[in-house]
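Subject: Handover of a structure

Dear colleague,

Please find the structure below, with its sequence. My notes on it follow directly after.

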Amino acid sequence: VKFKDKVEYDYDSIKAERSKKDKVYVSVNATVTNSEGKSQKITLTITLIEEEDGWKIDNPTYANYNSSKDRYNELNKEIN
């Protein structure tokens, strides 16, 4: 098991981003907390696919705490 961290989804933040054929792409904000209690906010993109009996999730929705995310964002701001 590689994904052990806890993910809490903010369902109030769900919004449709785009659609293509029978798929709708939505974003949702979430908080990922690791076993040490460290947490970070992320945005996940979820693909929904329309089938005969309703909508199904078509991609993984799990996430792990990323200790390098803050540094990555800092470097990305410096470049842009």
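Glu-50 belongs to strand 3, which covers residues 39-51. Helices (H or I, at least four residues) and strands (E, at least two) are DSSP runs, numbered from the N terminus. With a relative accessibility of 46%, Glu-50 counts as partly exposed; buried means under 20% relative accessible area, exposed over 50%, and partly exposed in between (1.4 Å probe, protein chains only).

This is a predicted model, in which local features need pLDDT of at least 70 and side-chain atom pairs count only at pLDDT 80 or more, whereas totals for chains, interfaces and linings use all residues. Residues are numbered from 1 along each chain as its sequence is written, and side-chain values use heavy atoms, with hydrogens and water left out.

Charged surface

Glu-50 is one of the residues in a surface patch of negative charge, together with Asp-22, Glu-51 and Glu-52. Patches are made of residues with over 30% relative accessible area and no salt bridge, like charges being joined within 9 Å and nonpolar side chains (Val, Leu, Ile, Met, Phe, Trp, Tyr) within 5 Å. Asp and Glu count as negative and Lys and Arg as positive, while His and the chain ends are not counted. The place of a charge is taken as NZ of Lys, CZ of Arg, CG of Asp or CD of Glu. Accessible areas come from the Shrake-Rupley method with a 1.4 Å probe, and for residues only the protein chains shown count as cover.

Salt bridges

The whole structure contains five salt bridges, each defined as a side-chain nitrogen of Lys or Arg within 4 Å of a carboxyl oxygen of Asp or Glu. One of them joins Lys-23 to Asp-58, with 3.3 Å between the closest N and O atoms. Because Lys-23 lies in strand 2 and Asp-58 in the loop between strand 4 (54-57) and helix 1 (69-79), this pair ties together parts that are 35 residues apart in sequence. Both partners are partly exposed, Lys-23 at 25% relative accessible area and Asp-58 at 38%. Asp-58 also lies 9.8 Å from Tyr-25, C-alpha to C-alpha, although 33 residues separate the two in sequence.

A further salt bridge links the side chains of Glu-36 and Lys-38 at 3.9 Å, N to O. Here Glu-36 is exposed, at 61% relative accessible area, and Lys-38 is partly exposed, at 43%. Asp-53 and Lys-56 also form a salt bridge, with an N to O distance of 3.5 Å. Asp-53 is exposed at 61% relative accessibility, and Lys-56 is partly exposed at 32%.

Nonpolar core

Which residues make up the largest nonpolar core? It has nine residues in all: Val-7, Val-26, Val-28, Ala-30, Val-32, Ile-42, Leu-44, Ile-46 and Ala-63. Strand 2 and strand 3 are the elements that give two or more residues to this core, and strand 2 gives the most, with four. A nonpolar core is a set of buried Ala, Val, Leu, Ile, Met, Phe, Trp, Tyr and Cys residues joined through side-chain atoms within 4.5 Å.

Loops

Lys-21 sits in the loop between strand 1 (6-20) and strand 2 (23-33) and is exposed, at 84% relative accessibility. The phi of Lys-21 is near 55°, a positive value in a residue other than glycine. Most residues other than glycine have a negative phi.

Gly-37 is placed in the loop between strand 2 and strand 3, and its relative accessibility of 52% makes it exposed. Gly-37 and Lys-23 are 14 residues apart in sequence, and their C-alpha atoms are 35 Å apart in space.

With kind regards
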